[in-house]
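Here is a short briefing for a first look. Start with the structure below, then take the topics in turn.

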Amino acid sequence: MVVRLCSLQWLVVELSRAILWKIYHSMSTGQLFSRSTQALFYNYKQSPVQRMLDFDFLCGRDTPSVAGIVNPGSEGFQKLFFGQEEIAVPVHGSIQGACKAHPTADVFINFASFRSAYASSMEAFKQPTIRVIAIIAEGVPEGDTKKLIAYARINNKVIIGPATVGGIQAGAFKIGDTAGTLENIIHCKLYRPGSVGFVSKSGGMSNELYNVLARVTDGLYEGIAIGGDVYPGSTLSDHVLRLNNIPQIKLIVVLGELGGRDEYSLVEALKQGKVSKPVIAWVSGTCAKLFKSEVQFGHAGAKSGGDLESAQAKNKALEEAGAIVPTSFEGLEPAIKIAFQKLVEDGVILPTQEIVPPSVPEDLSSAIKSGKVRAPTHIVSTICDDRGEEPTYAGVAMSTIIEKDFGVGDVISLLWFKRSLPRYCTKFIEMCILLCADHGPCVSGAHNTIVTSRAGKDLVSCLVSGLLTIGPRFGGAIDDAARYFKDANDRKLSPYEFVESMKGKGIRVPGIGHRIKSRDNRDKRVELLQQYARSHFPSVKYMEYAVIVETYTLSKASNLVLNVDGCIGSLFLDLLASCAMFSQQEIDEIIEIGYLNGLFVLARSIGLIGHTFDQRRLKQPLYRHPWEDVLYSKYV
């Protein structure tokens, strides 16, 4: 029993050693990225993805570093640029599907929110192809982060973050927005590798140090921002040990900050001789001593706690362990310069030869914004503008439309005629819409819509099937009626001359005639519109001309009455002419373009939608026309 127990204890110890060796080995073997590294990008954001691709092109990579995008529930592709070439980057609806489609992509860049960062990261970790995860979100619950760290260590995975901008290997690969703009990357010479490794908690300060390294050394080889949360997925010492094993790196720079005790693991590594390369370190936050109480700085982990967590204590410990520690942050750049020059003099570093990076084409939008190029627009719009704080219709703000109690007629006057018409005009427009909204289920438009609805089609299909019947024979005669009545009246043709000339041309007078209405059965809609116009319009000369024409046509047949198309057409002429807000050229253009038929289309859409819903509500079956209503003829 004792032997068995001892054997069991020995097995546990050996397994623990194996796991610890595996953890240490995974973080200390060397570089995380290369020129062939590819990543999967979770929760698509255009700017960081495009910045990665621009960096790839700048570095002369043959293949884009973004293999695919994961947007839960979405499939397809995103168009992006790789240099001058536009490429389609695949979009996958699941992490598992993306990993299966791109087995060579071993980096997972997670732009999920802090709420979902844990679930998506854990799912990615469980994919055998994923080796490194960068968690960008701040505020990930500490309990979630600890679970991710434990899983990563046991399964030989690497976490960068949470609350990180990511990392970069100069001339090879970068994560998301690391190193900022393309201009900053070029200024920092990150398009080709240097000899310095860098690790920091802060992404913003990383950019500052990349500039410093470009000024006083041959530049960066690899830089990592571990993130500012209390529990980073990987520590400063993890990355320093790893950087120490990269042959191309000759000098290591570390930028820590007050709060926590992460820097002390680096102190122990230095004391134990695990780091053979020169380390220059500085812990920011020495000013915290000036405050009488505990101060929370920018990062969650950057708060002044006990003495051991102070910047002064950490700087002292690092210096005693063998790191080069300046007396202030301002002394960091000179210290790096001196250490680099000594390594050059000793022959340890052969400074990287400078190269001229390729020119990355600038996006058209940014080039236009900076005034570098001019580009013609593709669409011209004069009736509305949605670029400000609120949309406007013909210059009138949406809030004004609501506050002044504008009606549908007022909105039509703004969007169709680009001006605010008098209230009697907009009231007339609304009357036209009300009176023309529907004319029963038997007219061609309504019939088509009903048949289509009973076939189970969607609302838009039902509406369009009815609208397509509108034309010269059904509801589409308003413009023609206005056109012909205006021409005849302006040329002072008598009703006889007008009607007979139209007959001689083989043209029916638009706006005259009805299949049901007659001299003794007048269209109530026409009467209502005429009454309103006579009471409110300054002039109704075109309508009166139409009435005189009607008197002549009724002498020919009792059903040749002025119909609603003719009434609206003639009255709209009176509206345009008498309100003194339109030039003659504008009136002619309105009629020619087809504005007036637009009223019938808009109005009848209301009724057609109603017929669609009515058939759905009644659950009417597929319509089949009865045989007895069809003439089957052999002789036509």
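How many bridges join strand S8 to S9? Two bridges join S8 (residues 166–169) to S9, and the strands run antiparallel. This is a predicted model: local features need pLDDT of at least 70, side-chain atom pairs count only at pLDDT 80 or more, and totals for chains, interfaces and linings use all residues. Residues are numbered from 1 along each chain as its sequence is written, and side-chain values use heavy atoms, leaving out hydrogens and water.

**Six-stranded sheet**
- The order of this open, mixed sheet is S9-S8-S11-S10-S12-S13.
- Its edge strands are S9 (173–174) and S13 (279–284), and each pairs on one side only.
- Strands are DSSP runs of E with at least two residues, helices are runs of H or I with at least four, and both are numbered from the N terminus.
- Two strands pair if DSSP finds at least two bridges between them.
- Isoleucine 168 stands opposite lysine 174 in S9.

- S3 (residues 76–82) pairs with S4 in the antiparallel sense, over seven bridges.
- Lysine 79 faces alanine 88 in S4.
- Two residues lie between the strands of this hairpin, where glycine 83 takes a positive phi near 70°.
- S2 (residues 66–70) runs parallel to S4 (residues 85–92), joined by two bridges.
- Isoleucine 69 stands opposite valine 91 in S4.

**Threonine 235**
- Threonine 235 sits in the loop between strand S11 (220–225) and helix H8 (236–244).
- Its relative accessible area is 15%.
- Beyond neighbours within four places in sequence, threonine 235 is in contact (heavy atoms within 4.5 Å) with Ile226, Asp262 and Ser265.

Notes. Buried means under 20% relative accessible area, exposed over 50%, partly exposed in between (1.4 Å probe, protein chains only).
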